Amino acid sequence: MGTPSENTIKDVSVDCVMFGFHADELKVLLLKWNNIDWSLPRGRIYKEELIADAASRVLKETTGIHDVFLQQFHTFGAAQRHKNYTDDQAARLFDNKSKESREYELVHESIVSIGYYALVDFEKVVPNLAASYQWCEIPAIPDLLFDHNDMIELALVALRKDLRYLPIANLLPPKFTLREMQKLYETILNRTFDRRNFHKLLMSYDFLIKLPEKRVGTANKSPHLYQIDFEKYELALQDGISY
């Protein structure tokens, strides 16, 4: 998470909601550093460092990935950030940490957090082995440190609001079926689409490349696999992709 030093901006952090898609479920990556408690990936901002660069660095340090889509969506600065903790729980949390440790600084001293969300390929994320981690389905997310539950909720609102212009195909593996892409939209929006109409709509764009390969091992007829032509995909996103 970065070593505390005079080179970091005091009382400010970047906190990242990492969305991944796996087994037809939208999930969020949670970390637990040295048994503090579950939280989102977070870290300090270095002086003279762009905030977006800090968010990218934090993700690389905690998950090992880089060059992912990141979107700033909110700034958090409530007076009582540990909203899921009683005063006694918070006191025990702080008493168990050395004031010289980087975990203490991030847990105790961060007052303002700049929230980003990331769209990542689930299979490419290999979190730093210094931390316990889990991919958690959104309905099953436990009480987290700070107001991180609120962050996830607001990140999901922002994701839905801007969905037409976001590269959510980044959440899919390199090869996928049309059903998997439809399920991704349905999971994010919490609604269902007519299969034929939705597939027809997807195919009306020219960024989908139909492959000769098929998905094997499915209960029904083996469906064709597709890839994204990302150059055409980016052009389509400029005008917005309907759904």
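Let me start with Glu 213, which is partly exposed at a relative accessible area of 35%. By that I mean a value between the two cut-offs: buried is under 20% relative accessible area and exposed is over 50%, with a 1.4 Å probe and protein chains only. Before going on, a word on the source: this is a predicted model, where local features need pLDDT of at least 70 and side-chain atom pairs count only at pLDDT 80 or more, while totals for chains, interfaces and linings use all residues. Residues are numbered from 1 along each chain as its sequence is written, and side-chain values use heavy atoms, with hydrogens and water left out.

Back to Glu 213, then. Its side chain meets that of Lys 175 in a salt bridge, 2.8 Å from N to O. The term covers a side-chain nitrogen of Lys or Arg within 4 Å of a carboxyl oxygen of Asp or Glu. This pair links distant parts of the chain, with Glu 213 in strand β8 (residues 208-214) and Lys 175 in the loop between α4 (148-161) and α5, 38 residues apart. Helices (H or I, at least four residues) and strands (E, at least two) are DSSP runs here, numbered from the N terminus. Lys 175 is partly exposed as well, at 32%.

How many salt bridges are there by this rule? The count comes to seven. Another one joins Arg 215 and Glu 180, at 3.0 Å from N to O. Here Arg 215 sits in the loop between β8 and β9 (224-228) and Glu 180 in helix α5, 35 residues apart. Arg 215 is partly exposed at 24%, and Glu 180 is buried at 18%. Salt bridges that share partners also join Glu 49, Arg 57 and Glu 61 into one network.

Now please find Arg 42. Its side chain forms a salt bridge with Asp 15, at 2.7 Å from N to O. Arg 42 belongs to strand β4 (residues 42-46) and Asp 15 to strand β1 (residues 8-22), so the pair ties together parts that are 27 residues apart in sequence. Are these two buried or exposed? Both Arg 42 and Asp 15 are buried. Arg 42 also lies over the face of Phe 146, 4.1 Å from the ring centre; the rule asks for NZ of Lys or CZ of Arg within 6 Å of the ring centre and within 35 degrees of the ring normal.

That brings us to the rings. The structure holds ten aromatic pairs, meaning rings of Phe, Tyr and Trp (its six-membered ring) with centres within 6.5 Å; planes under 30 degrees apart are stacked, over 60 edge-to-face and the rest tilted. Tyr 185 and Phe 198 make an edge-to-face pair, 5.4 Å centre to centre with 65° between the planes. Tyr 185 is in helix α5 (residues 178-189) and Phe 198 in helix α6 (residues 195-203), 13 residues apart. Tyr 185 is buried at 3%, and Phe 198 is buried at 4%. Elsewhere, ring pairs link Phe 19, Phe 73, Phe 76 and Tyr 117 into a cluster.

Two of those names return in the core. Of the 46 residues in the largest nonpolar core, Val 17, Phe 19, Tyr 117, Leu 159 and Ile 168 touch the most other members. A second, separate core of 20 residues includes Val 12, Leu 31, Leu 59 and Tyr 116. Such a core is a set of buried Ala, Val, Leu, Ile, Met, Phe, Trp, Tyr and Cys residues joined through side-chain atoms within 4.5 Å.
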